[in-house]
Amino acid sequence: MAQVPPVRIVQAANFVRNKLHNLTRRMAPAPVQVLEIAGGFINSQVVYASTKLGIPDALSSGPKSAADIATAVNGNPDAVHRLLRAAASIGLFALDSHGRFGLTAMSRTLCSDADDSMRPVVLMLGDPSYWSPWGELTYAIQTGKPSADKVFGKPMWEYLGDNEEFETVFNNAMTALTKLDWPTVAAVYDFTPFDTIVDIGGGQGQLLKLILEAAPNASGILFEQKSVIEQAADFLGECGTLPRCTLECGSFFDTVPLGADLYVMRRVIHDWDDDDAVDILSTIRRSIPDHGTLVVLESVVPEDNSPHFAKTLDLDMLIFAGGRERTEAQFRTLVKRAGFEVSRVIPTISTLSVIEVKPRK
Ligand SMILES: C[S@@+](CC[C@H](N)C(=O)[O-])C[C@H]1O[C@@H](n2cnc3c(N)ncnc32)[C@H](O)[C@@H]1O
């Protein structure tokens with residue numbers, strides 16, 4: 001089993017970190033605090049441009065001058081120097097006494113070959129296709145509708161299916177994030193009792209690959225949309241997982257594979273409003289045996305005013321797909337409408353919780 005610290009210890013550390021963060025923020029006058037929050041997108045683009053240009057990779061052999069970096073990444077020397085100076089001022093790069101820029105712990109995670117590389121995630125977050133619906137947040141708040149529909153002229157999933165380049169960026173980010181939080185899930189949930197495990201909307205197959213490694217006697221089925229299944233075949237083929245895994249394409253509004261003893265969904269239900277989510281869950285209810293288990297991996301919004309990633313991710317769901325993050329009570333109501341009941345909600349040290357769901361007797 002993966003070694004991760006106990007949930008209570010991490011919760012206590014996060015509590016202290018949030019208090020210190022608020023304290024640091026409040027040390028500046030209120031207008032400056034607002035300026036720092038409102039200008040957050042600038043730092044976001046600094047990280048994105050540095051990553052997209054491949055600066056962390058160019059520094060993996062050691063510190064370099066801005067001029068040498070500009071040559072390596074084919075950039076304008078003056079502009080590259082200004083980017084590096086800004087990035088170094090927020091800790092992304094180190095600046096030595098010879099005026100050379102080098103990697104820090106943060107930028108090391110942006111190298112392509114880093115163990116838990118955040119490069120795919122940054123490439124998604126900074127992509128114009130990702131942030132342009134954020135530029136229309138006001139529209140989403142006024143109408144309650146996804147601004148992505150307005151910006152793209154079609155629903156998000158259709159846009160992804162029609163844009164192979166951004167679909168690949170999106171799927172690579174999902175795969176990287178899944179790899180990042182997998183140890184936190186594996187530490188609290190045992191996948192070995194199951195024989196057949198279906199991952200519904202499983203992206204490129206990263207989660208199923210990791211589950212099958214943790215449950216060596218199980219076989220798996222990845223269920224996804226056609227355009228994603230093609231990417232999954234490449235990913236799972238390269239990882240050598242395919243002998244124990246089959247791929248099925250379709251829409252979870254119509255059908256899912258029949259008769260498995262475990263169905264898993266990571267960050268899928270939050271993409272949908274309540275009625276659509278109930279439709280997806282109902283499709284699974286029609287296919288799952290009465291003794292089967294459904295594991296929903298989602299963030300659970302705290303009922304109180306405590307800080308939680310789910311509270312901002314909730315807006316991400318609104319603008320992209322018209323979905324939402326939910327409280328535990330909302331999850332319980334939702335699954336009940338589809339003929340299930342929540343048997344356990346297990347917190348992890350990441351932003352995910354394991355919501356174990358069983359068919360209602
Ligand atoms: C937010 S992503 C999560 C992917 C993956 N579970 C993960 O956690 O990395 C949601 C996934 O749902 C899939 N999806 C969307 N609509 C679908 C549909 N109608 N049928 C099957 N899959 C669908 C998308 O292709 C996408 O991969």
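Setting aside neighbours within four places in sequence, Asn-171 is in contact (heavy atoms within 4.5 Å) with Gln-204, Val-228 and Gln-231. Select those residues together and you have your starting point.

Before moving on, some housekeeping. You are looking at a predicted model, where local features need pLDDT of at least 70, side-chain atom pairs count only at pLDDT 80 or more, and totals for chains, interfaces and linings use all residues. Residues are numbered from 1 along each chain as its sequence is written, and side-chain values use heavy atoms, with hydrogens and water left out.

**Stop 1: helix α13**

Asn-171 sits in helix α13. Helices here are DSSP runs of H or I with at least four residues, strands are runs of E with at least two, and both are numbered from the N terminus. Is Asn-171 buried or exposed? Its relative accessible area is 4%, so Asn-171 is buried. The cut-offs are under 20% for buried, over 50% for exposed, and partly exposed in between, with a 1.4 Å probe and protein chains only.

Now select Thr-184, which also belongs to α13, a helix covering residues 164–186. Thr-184 has 9% relative accessibility and so counts as buried. Not counting residues up to four places away in sequence, Thr-184 touches Val-4, Thr-348, Ile-349 and Ser-350. With Ser-350 there is a polar contact, side chain to side chain, at 2.9 Å. A polar contact is a pair of N or O atoms within 3.5 Å; within protein, one must be able to donate a hydrogen and the other to accept it, and residues adjacent in sequence count only if both atoms are side-chain atoms.

**Stop 2: helix α14**

Next, select residues 206–214, which form helix α14. Of its 9 residues, 7 are buried, so α14 is largely enclosed by the rest of the structure. The buried ones to highlight are Gln-206, Leu-207, Leu-208, Lys-209, Leu-210, Ile-211 and Leu-212.

**Stop 3**

Now try the distance tool. Ser-251 has a polar side-chain atom 3.1 Å from a ligand nitrogen atom. For Gln-225, an N or O atom of the side chain is 3.1 Å from an oxygen atom of the ligand. Taken alone, the ligand exposes 590 Å², and the protein buries 96% of that. Areas like this come from the Shrake-Rupley method with a 1.4 Å probe; for residues, only the protein chains shown count as cover.

**Stop 4**

Most residues other than glycine have a negative phi. Arg-267 isn't a glycine, yet its phi is positive, at about 50 degrees. Find Arg-267 in the loop between β6 (262–266) and α16 (274–287). With a relative accessible area of 13%, Arg-267 is buried.

Asn-74 also has a positive phi, near 60 degrees. Look for Asn-74 in the loop between α5 (66–73) and α6 (77–89), where its 72% relative accessibility makes it exposed.

**Stop 4: a loop and a strand**

Jump to Glu-303, in the loop between β7 (293–298) and α17 (309–321). Glu-303 is exposed, at 66% relative accessible area. Beyond its neighbours within four places in sequence, Glu-303 is in contact with Thr-327 and Ala-329.

Then pick Ala-94 in strand β1, residues 93–95. At 34% relative accessibility, Ala-94 counts as partly exposed. Leaving out residues up to four places away in sequence, Ala-94 touches Arg-100, Phe-101, Gly-102, Leu-103 and Thr-104.

**Last stop: zoom out**

Show the whole protein chain, with its 18 helices and 9 strands. Its C-alpha trace spans about 70 × 45 × 45 Å along the principal axes. Of its 361 residues, 45% count as buried.
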